[in-house]
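Subject: Structure handover

Hello,

Please find the structure below. My notes on what was found in it follow directly after.

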Amino acid sequence: MKPELVAEVGNEEFPESFRSGFIAVIGRPNVGKSTLLNQLLGQKIAITSDKPQTTRDQILGIRTDEDAQFIFLDTPGIHQPRNKLGKHMVNVAEQAIAGDSDVTLWLVDISAPPTDEDHFIVERLKELLEAAGELPFLLLGANKVDNLGTVNVEERIGEYVALLSWLNGAKGGQESVPVLTLSAANGDGLDDLVDSLAELLPAGPPYYPSEQVTDLSMRFIAAEIVREKALHFLRQEIPHSLAVSVTEWNERSPEMTHIAATVYVERHSQKGIVLGGKGSMIKKIGQAARPEIEEMVGTRVYLELWVKVLQKWRRKENLLRRLGYLLLRLEEN
């Protein structure tokens, strides 16, 4: 749900021409949505990895410029779900489109042709339009232009635009879909993207103070940083089975914060892999995570990591809720 608009935030004043609104960033897994969000904010709030389905929940990022406030909703990759966690992820993305956003930015990997998951996204957009009668204004973000090689960019863009031809003439649709080429990795095209988004946002005062960049708690971000490092070090079959929960946060002094977190896996064999020989793997994960958490917290951090088995947690609604997922009620299979 959107917070209420405020005419003033603290002692800040904003021009009458000020604009503010919500932008849902959607796309299939691993197209660069979280990388784009971090670039737009100028700091890291969303974890990234080369593993698909890294983002599991909506990440809210706030950028305030002189003339506009952009509230970005970085959503999980839309895909064909295989378990209750997957359903939750798709529901979160679709709720951002249908319920909260003023603009939808569909980010695609322009270095590759449309995939089955891109076609799945289009079908879900059609269904959302039919159900709601309208959709937020849609922009197409052609990401990874720095990785095109010999690909003809105009032809490739045409392949994606063709998937949206049904919007023109559809009740509640739009005549055309603007396309912006960009590279989330190196920042190319982001100024044009911000300018285009600003023109589409409704006029009005900001929702958040100008210095605020997210509504996420430090506990949540710390848990996500630990999960990011685990994704980096662990082999392919483990990452999707991982969840991380911060169980203790104790500011022991102005210079030291004690944080305890539990890494959950689904099978006992996975626990041994995450621990590593004589605890070598979990130690490596902690050593990689601690500096980023210290930078966020502003103190030295004593990070204590545990590994526990929570069998089939991705398939059990009560366990998903225990781990902080499923804020939206899922339909049964």
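S245 is found in strand β7, residues 243–253; here strands (E, at least two residues) and helices (H or I, at least four) are DSSP runs, numbered from the N terminus. This is a predicted model, in which local features need pLDDT of at least 70 and side-chain atom pairs count only at pLDDT 80 or more, while totals for chains, interfaces and linings use all residues. Residues are numbered from 1 along each chain as its sequence is written, and side-chain values use heavy atoms, with hydrogens and water left out.

At 23% relative accessibility, S245 counts as partly exposed. The terms are these: buried is under 20% relative accessible area, exposed is over 50%, and partly exposed is in between, with a 1.4 Å probe and protein chains only. Leaving aside neighbours within four places in sequence, S245 is in contact (heavy atoms within 4.5 Å) with A260, A261, T262 and Y264.

T257 is found in strand β8, residues 256–265. T257 is buried, with a relative accessible area of 1%. Its side chain is joined to that of T299 by a polar contact of 2.8 Å. A polar contact is a pair of N or O atoms within 3.5 Å; within protein, one must be able to donate a hydrogen and the other to accept it, and residues adjacent in sequence count only if both atoms are side-chain atoms. Not counting residues up to four places away in sequence, T257 touches W249, N250, E251, V297, T299, R300, V301 and Y302.

Next, the helices. The axes of α6 (218–233) and helix α8 (residues 280–297) come within 9 Å and cross at roughly 140°. Axes are lines fitted to C-alpha atoms, for helices over the stretch in contact, and angles run from 0 to 180 degrees between N-to-C directions. The crossing of α6 and α8 is right-handed, where right-handed means that the near helix is turned clockwise from the far one by less than a right angle, and left-handed means anticlockwise. Residues of α6 that take part include M218, I221, I225, V226 and F233, and on the α8 side they include M281, I285, A289, I293 and V297.

L231 lies in helix α6 and is buried, with a relative accessible area of 3%. Its C-alpha atom is separated by 9.2 Å from that of I285, 54 residues apart along the chain.

V226 is also one of the residues with the most contacts inside the largest nonpolar core, along with L36, F70, V274 and I293; that core has 54 residues. A nonpolar core is a set of buried Ala, Val, Leu, Ile, Met, Phe, Trp, Tyr and Cys residues joined through side-chain atoms within 4.5 Å. Beyond four places in sequence, V226 touches V244, V263, I285, A289, I293, L303 and L305.

On aromatic rings: a pair is described by the distance of the centres and the angle of the planes. Rings of Phe, Tyr and Trp (its six-membered ring) pair if their centres lie within 6.5 Å; planes under 30 degrees apart count as stacked, over 60 as edge-to-face and the rest as tilted. By this rule there are three aromatic pairs. One of them is F22 with Y207, whose centres are 5.0 Å apart and whose planes are at 80°, so the pair is edge-to-face. F22 is in strand β1 (residues 19–26) and Y207 in the loop between α5 and α6, 185 residues apart. Both F22 and Y207 are buried. The rings of W106 and Y160 have centres 6.3 Å apart and planes at 75°, so this pair is edge-to-face. W106 lies in strand β4 (residues 103–109) and Y160 in helix α4 (residues 153–162), so the pair ties together parts 54 residues apart in sequence. W106 counts as buried at 0% relative accessibility, and Y160 is buried with a relative accessible area of 0%.

Finally, a backbone detail. N30, in the loop between β1 and α1 (33–41), has a positive phi of about 70° although it is not a glycine. N30 is partly exposed, with a relative accessible area of 35%.

Regards
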